[in-house]
Amino acid sequence: NGEMKSWTGKAHDVFSPVCVEKPSGLSRVFVGSYPVCTEVEAMQALDAAEAAYKNGRGEWPTMSVSARIKCIEKFTQKMLEKREEVAKLIMWEIGKTYADSLKEYDRTVEYIYATVDALKDLDRQSAGFDIVDGIAAQIRRSPLGVVLCMGPFNYPLNETFTTLIPALIMGNTVLFKPPKHGSLLHFPLLEAFAECFPKGVVNTVYGRGANIIPPLMKSGRINVLTLIGSSKVADQLKKLHPKVNRLRAILGLDAKNAAIVTANADLDQAVKECLTGSLSFNGQRCTAIKIIFVHQDVVHTFNEKFVAALKTLKLGMPWESGVNITPLPEPQKPAYLTECIQNAIENGAQVLNENGGEVNESFVYPAVVFPVNEKMKLYREEQFGPVIPILPFESIEEPIEYLIESPHGQQVSLFSSDSEELADLIDPLVNQVSRVNINSQCQRGPDVFPFTGRKDSAEGTLSVSDALRSFSIRSLVAAKLTDQNKA
Ligand code: G3H
């Protein structure tokens, strides 16, 4: 509600994935603490968001588009002053390299500017009238109400703001909970929210999602749920809403993106794209390539080249330059990845690269696992980490069948130098996933492209102009033409 609430409850200590040597052994660096909201405080934040929305009659939802844009632009100006401070916190909290943390920050600012431009376009389009059957109609976009917004740890700033900003700019009021890993970095911006927006328009709740989010959902007073995170959590939260069919959900969820390398592929190109596609930010991206199908005639050459390319990656601390492999923020992740590798070995696979899967506290050295089959965890589970499962295939029907049976449907990377083969494969693939990348890795950007997924991978569409539509409703002002008002 535009005020920093005094810290009365418990504190949660945040530890970095970066470890230091202590007499007791390696231990995670303490970064800071945040207050843990109680259920009552979370409900107060909801009251504030609801009061500011005031059933669509509040200052914010009735403000002109240009006035709302001014608030967002003022906020963006303030954001620019916090660039290094926030980027350093991203680095410490989630182990992203400092260079990539700065990129995340800059990308977010660019995203906001692009969203403002898209809104200006949308506003221009809404200014006109359509005349049909003697009725003049103006189509507007109106807000939906209170939006509960939650982002993931891997893009704690960017993917929180890619929902929060469009939700706000369309006139909704927002309640947002920063991710568990990637929460302190939001503090430097809270004051800017308070300075740039009317009271109650942006409300931030800190704490354990499992305690504070269910009561918010059960209240039935959340109009839009937006979450970039796990499909399971999204399902659980939606079910808590008493009028689930009145809840709009804009969700970016689990994905198990496949790369398909045909016998006609340029293998050097495929290796280069699959390497960054599977290992950028240690594979902790929803868009990462999480399984690679390679035609049996070229699989051994592909594997040799892939392992050689992997050797060039540098492991190190996130502030060091040129580093690719950094510590993982989720404390349970190294054990989970080890279990996946073990399970693959028990079912007949091998780790192809030296040191693959080696764990040193929060570091996991990438592992190339081959040949993977349907009995293994790595076949279907979204590992979300630096383990690369590779499968040989004989017929292209095998990877297509894999996609058809998959509960996920975000993206695919297809590698071939044969244009006829590419042309034949695009349709079968585009009917399974929401983006087919030709001879390139899977990714979200450029951010103006629609970002969504089929099946359990998404609900609604994000990106710049799609998000504006997602966080609003089309409404119509219709006037019957009479002889007097025709002019
Ligand atoms: O984690 C999911 C992100 O949307 C991935 O974005 O492809 O730009 O890394 P990216």
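**Figure 1. An open sheet of 3 strands in a predicted model.** The strands of this sheet follow the order E3-E4-E22, with antiparallel pairing. Its edges are strand E3 (130–132) and strand E22 (473–480), each of which pairs on one side only. From one strand to the next, the twist averages 35 degrees (axes are lines fitted to C-alpha atoms, and angles run from 0 to 180 degrees between N-to-C directions). E3 is joined to strand E4 (residues 135–142) by 3 bridges in the antiparallel sense, and Asp130 stands opposite Ala137 in E4. Strands are DSSP runs (E, at least two residues) and helices are DSSP runs (H or I, at least four), numbered from the N terminus; two strands pair if DSSP finds at least two bridges between them. The model is predicted, so local features need pLDDT of at least 70 and side-chain atom pairs count only at pLDDT 80 or more, while totals for chains, interfaces and linings use all residues. Residues are numbered from 1 along each chain as its sequence is written.

Figure 2. Strand E10 (residues 257–261) is largely enclosed by the rest of the structure, because 5 of its 5 residues are buried (20 or more other C-beta atoms within 10 Å of the residue's own, C-beta atoms being placed from the backbone). Asn257, Ala259 and Val261 point one way from E10, and Ala258 and Ile260 point the other way. E10 runs parallel to strand E11 (residues 289–295), with 5 bridges between them. In this pairing Val261 stands opposite Val294 in E11.

**Figure 3. Surroundings of Tyr105.** Tyr105 is found in helix H5 (residues 98–127). Tyr105 counts as buried because it has 22 C-beta neighbours inside 10 Å. Leaving aside neighbours within four places in sequence, Tyr105 is in contact with Arg83, Val86, Ala87 and Leu157 (contact: C-beta atoms, placed from the backbone, within 7 Å). Lys243 is 138 residues from Tyr105 along the chain, and 37 Å separates their C-alpha atoms.

**Figure 4. The shell around the ligand.** Around the ligand are Asn154, Tyr155, Glu159, Arg285, Cys286, Thr287, Gln443, Arg444 and Gly445 (C-beta atom, placed from the backbone, within 6 Å). These shell residues divide into 2 nonpolar, 4 polar and 3 charged. Ala, Val, Leu, Ile, Met, Phe, Trp, Tyr, Cys and Pro count as nonpolar, Asp, Glu, Lys and Arg as charged, and the others, Gly among them, as polar.

How values were computed: A residue is buried if 20 or more other C-beta atoms lie within 10 Å of its own, exposed if 12 or fewer, and partly exposed in between; C-beta atoms are placed from the backbone. Two residues are in contact if their C-beta atoms, placed from the backbone, lie within 7 Å.
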